Amino acid sequence: MKILGIETSCDETAAAVVTDGGRVRSNVISSQIALHRAHGGVVPELAARGHVTAIIPVVETALREAGLGRAQIDAIAVTAGPGLAGSLLVGVNVAKALAYALRRPLVPVNHLEGHVYANWLTLPGAEPVPPPRFPLVCLLVSGGHTELILMTGHGQYRHLGRTLDDAAGEAFDKGARLLGLGYPGGPAIQRAAAEGRPDAFPLPRAWLGEGFDFSFSGLKTALLRLVEPYRIAEPAADRLKTSTPFVEHRPPRFRSDLPVADLAASYQEAVVEVLAVKAVRAAAAFDAATLLLAGGVAANAALRERLDREVIERLGTDAIPVRYPPLELCTDNAAMIAGAAGFALKRGVQGGWEVDVQPRLALVGQAQR
Ligand SMILES: Nc1ncnc2c1ncn2[C@@H]1O[C@H](COP(=O)(O)OP(=O)(O)OP(=O)(O)O)[C@@H](O)[C@H]1O
Ligand SMILES: [Mg+2]
């Protein structure tokens with residue numbers, strides 16, 4: 001079966017073709033990063049308009065790169081939520097139109113389930129890896145979500161914990177903004193941190209007892225306090241301008257002796273340590289056969305290394321495998337949507353004309369439906 005996936009939940013217009021065995025035939029992403037960079041983050045109205053102009057060429061390119069005509073597609077999968085309503089509407093309506101015109105099943109997919117299922121995909125030219133074994137604990141860390149999930153089978157999710165405030169990706173993005181490192185923040189912090197010492201600044205970790213919830217807002221405030229003495233004050237009139245939406249975001253200006261690399265490394269370490277320790281603790285508590293990492297922050301090298309190390313140190317060398325998706329499938333893409341749809345179709349999940357966008361869709365809520 002060849003599934004066309006469409007993803008427009010935030011600021012990437014994406015389409016992909018994936019077989020129901022998880023083989024990626026094409027994976028096309030048109031990024032809007034340049035469009036939003038001037039504003040320091042995603043502007044929803046600009047994102048929706050960007051999807052409208054990009055979506056048809058992106059779908060056509062995905063089909064062409066897969067060497068397929070529209071009629072050779074067996075199902076259409078689309079992200080229904082969570083995400084920005086205006087952005088989701090573009091993908092959902094294009095998917096509905098294609099499903100109607102081609103008379104193919106329409107599969108609405110939860111974007112978060114897509115991130116999880118990126119771990120079941122094989123890129124072109126790569127050797128297929130054995131599928132992750134259940135039960136598994138998944139640490140889902142993205143721009144808008146930080147969740148620990150117990151997965152007992154396909155589509156079977158149990159919520160273990162989540163962030164009480166900022167998501168891990170959001171913490172990276174806000175930290176990068178505070179340090180004047182730009183957008184998107186995760187890769188920028190990772191780059192800056194490579195030159196720094198992770199133990200240079202004792203930043204706080206919100207352990208919240210033995211539970212599986214997270215909190216990153218205190219860490220962000222601690223970083224703000226550390227950079228403040230180095231900041232070069234802007235004239236009041238300029239401050240007023242930058243606080244309104246739709247005017248250009250200007251990064252803060254600092255004295256040249258700001259220890260950017262040490263601050264970035266210490267900040268990254270504080271985020272990564274809590275994520276890794278809690279994920280491994282959950283894997284042990286629920287006898288997981290696999291520990292899975294998913295979402296944009298899964299691209300972070302320090303997090304991958306820390307998880308591997310934490311498993312060995314806390315559970316022993318023969319412990320459970322840690323799995324993460326190929327780098328290019330960590331952040332938003334449509335291959336993960338088509339991949340998740342392959343498994344959903346086998347469970348009989350299919351949408352009709354009533355399929356609508358669900359901007360606040362939850363992963364566990366969907367599984368219990
Ligand atoms: N190397 C990296 N290190 C840390 N964070 C990273 C890295 N690469 C990307 N990120 C972060 O990942 C996030 C983007 O991930 P993703 O595309 O999954 O988020 P999203 O789709 O915006 O949110 P959600 O999936 O929750 O709706 C951003 O916050 C970005 O800073
Ligand atoms: Mg995402």
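Visitor: Why is His 115 called buried?

Guide: In this predicted model, His 115 has a relative accessibility of 2%. Buried means under 20%, so His 115 counts as buried.

Visitor: What makes His 111 buried?

Guide: The relative accessible area of His 111 is 7%. The cut-off is under 20%, so His 111 is buried.

Visitor: How do you know that His 111 and His 115 are separated by about one helical turn?

Guide: Both belong to helix 4, residues 111-117, and they are 4 residues apart there.

Visitor: Which protein atoms are donors of the magnesium ion (ligand 2)?

Guide: NE2 of His 111, NE2 of His 115 and OD of Asp 332 are the protein donors, at 2.1 to 2.2 Å from the ion. Donors must lie within 2.8 Å of the metal. The spacing of the donor residues in sequence is H-x3-H-x216-D.

Visitor: Why is the arrangement around the magnesium ion (ligand 2) called octahedral?

Guide: The ion has 6 donor atoms, and the angles they subtend run from 73 to 172°. Six donors count as octahedral if opposite ones are over 155 degrees apart and all others between 65 and 115. The arrangement is therefore octahedral.

Visitor: How many disulfides does a search of the whole structure find?

Guide: It finds 0.

Visitor: What keeps Cys 10 and Cys 330 from counting as bonded?

Guide: A disulfide needs sulfur atoms within 2.5 Å. The cysteine sulfur closest to that of Cys 10 is in Cys 330, 16 Å away, which is too far for a bond. For Cys 330, the closest is in Cys 138, at 11 Å, also too far.

Visitor: Is Cys 330 buried or exposed?

Guide: Its relative accessibility is 0%, so Cys 330 counts as buried. Cys 10, at 24%, counts as partly exposed.

Notes:
Residues are numbered from 1 along each chain as its sequence is written. Chains are lettered from A and ligands numbered from 1 in the order in which they are written. This is a predicted model: local features need pLDDT of at least 70, side-chain atom pairs count only at pLDDT 80 or more; totals for chains, interfaces and linings use all residues. Side-chain values use heavy atoms; hydrogens and water are left out. Donors are N, O and S atoms within 2.8 Å of the metal (3.2 Å for Na, K and Ca); water is not among the atoms, so sites may look incomplete. Four donors count as tetrahedral if all angles lie between 85 and 135 degrees; four count as square planar and six as octahedral if opposite donors are over 155 degrees apart and all others between 65 and 115; anything else is irregular. Helices (H or I, at least four residues) and strands (E, at least two) are DSSP runs, numbered from the N terminus. Buried means under 20% relative accessible area, exposed over 50%, partly exposed in between (1.4 Å probe, protein chains only).
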